Amino acid sequence: MQDVFKLGEKFYQSRLIVGTGKYKNFEETRNAIEVSGAEIVTVAVRRVNITDPHKENLLDYLSPNKYTILPNTAGCYTADDAVRTCRLAREAGVGNMVKLEVIGDDRTLFPDVPATLEAAKVLVKEGFIVLPYITDDPITAQKLQDIGCAAVMPLAAPIGSGLGIRNPYNILIILEQATVPVIVDAGVGTASDAAIAMELGCHGVLMNTAIASARDPILMAEAMRLGVAAGRKAFLAGRIGKKLYATASSPLEGILA
Amino acid sequence: MVKVNTVFFMKIRINGEEKEIAAGLNIAGLLDELKIRPGRVVVELNRAIISRETQESTSLKEGDVLEIVHFVGGG
């Protein structure tokens, strides 16, 4: 069965979106992403080091011809900064899909929801395909969907925390009312967390630290690829209901007396 | 007595740092001087994005604030 994932204007085979931060070097970044099977990769927008401009560029390792480059607005604390960052990113010529995050506080890295809504309105109006990072709040998800965002991306747990899906019930409510893809963004720690997100019915999972900071990032990239794929298949297959008591798997007839 | 005031250099801010550059330099020339490949960066001059096509025709002047950004690893 063909199970394609539509995000923005394109179709993807993989439902795993990966970040490109925290790797040892660009080679490890490229190898881990290759193994993860991801087709969409997030990047940050930062100042060029003008005193050492010879440094290699990330895009030398991750070709925009091969990957959909998804610039983020990490580090932005106001709607204006986030919008400015998105405009700069679009000028780089890798498309108009952006991961919108307006951070509210540097200890939790939780999003500033009103500022996220404000930025999303401007960006949608300017023709961006907006994928906002949000708390697992169904009301916010609904509002961003109504504004015209192309997906909603509730966190599973704080960014980089590895705590996994803290509130599956909120994610379920978000999914129930969603008319756009729901992508769990942030907080995933290991492959089973990714599988749980997919089993809940999420359309994708976005992660960075869980792979990049694993002891063996390449092996974890493979684990995440399989975790996302397993969770997706389990969701499509339809899990059995949970029951308190046993139901025998072997026939009850013909038991030796 | 005639006072000759010839300016050869001008001060601008690039990525938060004050720099002295040759007067009359345009953005394409500056990138070349800084050995930055224009294809991989985006330039903002005084908060306005300068498209790649207009970098050659955009001259810099004293006090300009320039941001030169690119993509780095991020989540």
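B:Lys35 sits in a loop of chain B, between helix H1 (27-33) and strand E3 (42-45). Helices (H or I, at least four residues) and strands (E, at least two) are DSSP runs, numbered from the N terminus. The model is predicted: local features need pLDDT of at least 70, side-chain atom pairs count only at pLDDT 80 or more, and totals for chains, interfaces and linings use all residues. Residues are numbered from 1 along each chain as its sequence is written, chains are lettered from A and ligands numbered from 1 in the order written, and side-chain values use heavy atoms, with hydrogens and water left out.

B:Lys35 is not a glycine, yet its phi is positive, about 60°. Most residues other than glycine have a negative phi. B:Lys35 is exposed, at 53% relative accessible area. The cut-offs are under 20% for buried, over 50% for exposed, and partly exposed in between (1.4 Å probe, protein chains only).

A:Lys22 has a positive phi near 70°. A:Lys22 lies in the loop between strand E3 (16-19) and helix H1 (26-36) of chain A. Its relative accessibility is 55%, so A:Lys22 counts as exposed.

## Fold of chain A

Chain A has 8 helices and 10 strands. Its C-alpha trace spans about 85 × 40 × 35 Å along the principal axes.

Of the 257 residues of chain A, 49% count as buried. Take the contacts in chain A between residues at least 6 apart in sequence: 65% join residues at least 24 apart. Contact means heavy atoms within 4.5 Å.

## Surface of chain A

Chain A exposes about 12,500 Å², and carbon and sulfur atoms supply 53% of it. Accessible areas come from the Shrake-Rupley method with a 1.4 Å probe; for residues, only the protein chains shown count as cover.

## Interface of chains A and B

What does each chain bring to the contact? Chain A gives 31 residues and chain B gives 26. The area buried between the two chains is about 2,700 Å², with 58% from carbon and sulfur atoms. On the chain B side, B:Arg40, B:Phe71 and B:Gly75 lose the most area to chain A, together 28% of what that side buries. Buried area is the accessible area (1.4 Å probe) that two parts lose on being put together, summed over both.
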